[in-house]
Amino acid sequence: MRILLVEDDANLADTLAEVLTGQHCVVDIARDGEEGWEKSQADDYNLILLDVMLPKLDGINLCRRLRAHGNNIPILMVTALDMSSDKVQGLDAGADDYLVKPIDPPELMARIRALSRRAQVAEPTVLRWGELQLDPGMHEVSYTGQSVHLTPKEYNILELLLHHGRQVLKRITIVEHVWSLTDPPREDTINATIKSLRNKLKGAGAPHNLIETIHGVGYRLSQLS
């Protein structure tokens with residue numbers, strides 16, 4: 001499980017990271033809300049462990065921003081505030097659960113496991129971008145209702161692009177999620193796969209520039225009109 005820990009208390013962050021890595025989690029730490037936002041947009045996480053009292057952007061507003069941008073990742077809020085109204089505010093902002101400091105490691109792991117189970121049994125969300133639709137549950141892609149048949153690599157790239165939208169998807173991120181960093185594809189392999197994906201979408205009526213190339217960086221979906 002990959003977890004984003006957003007906590008400005010360095011000692012607590014290091015302690016929690018040690019607990020989580022001891023349970024076979026991969027942990028990235030953000031020291032303020034804006035850094036937490038940037039990391040959440042740059043990588044895919046299974047869960048965000050989010051402090052409320054943060055510099056630059058507090059946890060409540062970071063949670064609201066994530067939900068407003070369609071990010072449905074499970075969020076476990078951690079705070080010293082134990083008033084019922086504080087919990088209600090956090091949950092209303094979009095948090096899935098709430099844990100009050102001081103943190104008991106076994107309880108923390110139990111809550112993370114519960115959120116993970118809940119996420120696994122949730123119905124897959126159909127991803128849409130204009131007339132483009134990808135249904136993870138059915139493993140189907142269509143444009144204006146016309147089915148588009150993709151290879152597994154093409155499908156995985158498109159799904160990744162849909163999760164990122166207008167955010168630029170770096171080539172290294174595509175390799176990490178679609179191929180393997182230990183056995184990366186050749187440069188022309190990535191280009192050929194993207195070209196084939198574009199052509200198949202174009203064949204179903206999509207504009208050729210639906211997938212934009214950001215030279216020297218990566219790819220993103222074109223602006224919706």
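User: Before we look at this predicted model, what makes two aromatic rings a pair?

Analyst: Rings of Phe, Tyr and Trp, the last taken by its six-membered ring, pair if their centres lie within 6.5 Å. A pair of aromatic rings is described by the distance of the centres and the angle of the planes. The cut-off for a pair is therefore a distance between centres within 6.5 Å.

User: By this rule, how many aromatic pairs does the count come to?

Analyst: The rule looks at the centres of the rings and asks whether they lie within 6.5 Å. When it is applied to this predicted model, the count of aromatic pairs comes to zero.

User: Which residue lies over the face of tryptophan 37?

Analyst: A charge sits over a ring if, among other conditions, CZ of Arg is within 6 Å of the ring centre. Over the face of tryptophan 37, at 5.0 Å from the ring centre, lies arginine 65.

User: Where is histidine 24 found, and what is its phi?

Analyst: Histidine 24 is found in the loop that runs between α1 (10–22) and β2 (26–30). Although histidine 24 is not a glycine, its phi is positive, at about 70 degrees.

User: Which peptide bond is cis, and in which loop does its proline lie?

Analyst: The proline is residue 102, and it lies in the loop between β5 (97–100) and α5 (105–121). With omega near -5 degrees, the cis peptide bond is the one from lysine 101 to proline 102.

User: How do β7 and β8 run, and how many residues lie between them in the hairpin?

Analyst: Strand β7 (residues 132–135) and strand β8 (residues 140–143) run antiparallel and are joined by four bridges, with leucine 134 standing opposite valine 141 in β8. In the turn of their hairpin, histidine 139 has a positive phi of about 60 degrees. The number of residues between β7 and β8 is four.

User: In β9, which residue is the bridge partner of tyrosine 143?

Analyst: Strand β9 (residues 146–147) runs antiparallel to β8, and two bridges join them. These two strands form a hairpin with two residues between them, and threonine 144 in the turn has a positive phi of about 50 degrees. In β9, the bridge partner of tyrosine 143 is glutamine 146.

User: Are α6 and α8 roughly parallel or roughly perpendicular to each other?

Analyst: Helix α6 (residues 152–164) and helix α8 (residues 187–203) pack with their axes 10 Å apart, at an angle of about 80 degrees. The contact is made by residues including Ile157 and Leu158 of α6 and Ile194 and Leu197 of α8, and by class it has five nonpolar, two polar and three charged residues. Since angles of 65 to 115 degrees count as roughly perpendicular, α6 and α8 are therefore roughly perpendicular.

User: In what order do the three strands of the open sheet stand?

Analyst: The edge strands, each pairing on one side only, are β10 (169–170) and β11 (211–214). Strand β12 (residues 218–221) pairs with β10 in the antiparallel sense over two bridges, and four bridges join β11 to β12, which also run antiparallel. The order is β10-β12-β11.

User: Which residue of β12 is the bridge partner of isoleucine 214?

Analyst: Strands β11 and β12 form a hairpin with three residues between them, and in its turn glycine 216 has a positive phi of about 80 degrees. In β12, the residue that lysine 170 stands opposite is glycine 218. The bridge partner of isoleucine 214 in β12 is glycine 218.

Technical notes
Residues are numbered from 1 along each chain as its sequence is written. This is a predicted model: local features need pLDDT of at least 70, side-chain atom pairs count only at pLDDT 80 or more; totals for chains, interfaces and linings use all residues. Side-chain values use heavy atoms; hydrogens and water are left out. Two strands pair if DSSP finds at least two bridges between them. Axes are lines fitted to C-alpha atoms, for helices over the stretch in contact, and angles run from 0 to 180 degrees between N-to-C directions. Angles under 35 degrees count as roughly parallel, over 145 as roughly antiparallel, 65 to 115 as roughly perpendicular and the rest as oblique. Contact means heavy atoms within 4.5 Å. Ala, Val, Leu, Ile, Met, Phe, Trp, Tyr, Cys and Pro count as nonpolar, Asp, Glu, Lys and Arg as charged, and the others, Gly among them, as polar. Rings of Phe, Tyr and Trp (its six-membered ring) pair if their centres lie within 6.5 Å; planes under 30 degrees apart count as stacked, over 60 as edge-to-face and the rest as tilted. A charge sits over a ring if NZ of Lys or CZ of Arg is within 6 Å of the ring centre and within 35 degrees of the ring normal.
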